[in-house]
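Subject: Structure for your review

Dear colleague,

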Amino acid sequence: MKKLISAHSHLLTKPVELDFFADKFSQIWLLELPNIIEIPGYTRPSTEDEILAVAKQFPGLYLPFKWVDFRKGPDQIDRAVEKGFIGFKGICPQKSYDDESYFPIYERIAKYHCPMVFHTGYVSTPAYSKRCPDFGYQAGNMRPASLYTLAHLFPEITFVAAHFGVPWERELFDLEIRLLPNFYIDLSGGHSEDILNIVAEHAHHEALLPGGEKGLFADKFLLGLDAYLGHPQLHQDVYAYCNEFVAELEKKAAGTVWEKSVPGILAGNAERIMKENHLL
Ligand SMILES: [Zn+2]
């Protein structure tokens, strides 16, 4: 069986049958979201305590990432690390990710050398009456270019841009994000065909890895299944989708220079992030 890591997954409240993934994945990064969001047909995202309990129940498999509330100060970072979170998640900030008022938060994350996964690009937006009060929905606050700035300012933080920044994927190329050793891109998102095409077009370019080592852009990509876990029906669907995505990725890579980078995209690159930051 292939070694797989999902660098982008979420957890439902009252999760069940999470052992389903134990023999299929070597790591699943669980990114917290505000518990008040409603998920049609499937209750809500898990609470902070539920994520921590799952991480404890399956040590090394489910890894807890704390949602950053950008309206709050850097103490939330200390609190999260003390509780056992090993990474952070950014989504729907009220201002651009690189707004200077957020720098104290990043300074604190840098102190702990934690990775942070950022939603980049469009976000699915509900009707006005259903919006999450904790979220700013302006996609313009989540442009990949804002992470380019931050990755320069905070080299101690590993930045992961989720969803390839669609529709601003060009920013990732024009700014040569591949040359920032602390920058990765997760391939999750609802537009997997577009993402696979972008990957196939750019994966062979040279990139810089941590420590200044040279690699390929493909060595910066992470498999991610932006799905909720914790419900048996969802598990079957998620795993079927994952296998399809992996098969398509392998097809695109076959016979290219980045074919040897595929195991890294599926697991090795995410594993490297955890090792570099001494988190596992
Ligand atoms: Zn997500």
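Which residues of H8 are buried? Please bear in mind that the model is a predicted one. The buried residues of this helix are Val262, Gly264, Ile265, Leu266, Ala267, Asn269, Ala270, Ile273 and Met274.

Helix H8 has 15 residues, and from its first C-alpha to its last it reaches 20 Å, close to the expected 21 Å. The helix has a kink of about 55 degrees, centred on Gly268. After H8 comes His278, which has a positive phi near 55 degrees.

In soluble globular proteins, nonpolar side chains tend to be buried together. Here the largest nonpolar core has 77 residues, and Leu30, Met116, Phe118, Phe159, Val160 and Leu222 are those with the most contacts inside it. Helix H8, covering residues 262-276, gives the most to this core, with 7 residues. Leaving aside residues up to four places away in sequence, Phe118 touches Gly90, Tyr97, Leu147, Phe159, Val160, Ala161 and Ala162.

As for the protein overall, it contains 8 helices and 11 strands. Its C-alpha trace spans about 45 × 45 × 40 Å along the principal axes. The radius of gyration is 17 Å, which agrees with the value near 19 Å that a compact globule of 280 residues would have. Buried residues account for 43% of the 280 residues. Of the contacts between residues at least 6 apart in sequence, 70% join residues at least 24 apart.

Yours sincerely,
A colleague

How values were computed: Residues are numbered from 1 along each chain as its sequence is written. This is a predicted model: local features need pLDDT of at least 70, side-chain atom pairs count only at pLDDT 80 or more; totals for chains, interfaces and linings use all residues. Helices (H or I, at least four residues) and strands (E, at least two) are DSSP runs, numbered from the N terminus. The radius of gyration is taken over C-alpha atoms; the globule rule is 2.2 Å times the number of residues to the power 0.38. A residue is buried if 20 or more other C-beta atoms lie within 10 Å of its own, exposed if 12 or fewer, and partly exposed in between; C-beta atoms are placed from the backbone. Two residues are in contact if their C-beta atoms, placed from the backbone, lie within 7 Å. A nonpolar core is a set of buried Ala, Val, Leu, Ile, Met, Phe, Trp, Tyr and Cys residues joined through C-beta atoms within 7 Å. The expected span of a helix is 1.5 Å times one less than its number of residues. The bend at a residue is the angle between axes fitted to the seven residues ending there and the seven starting there.
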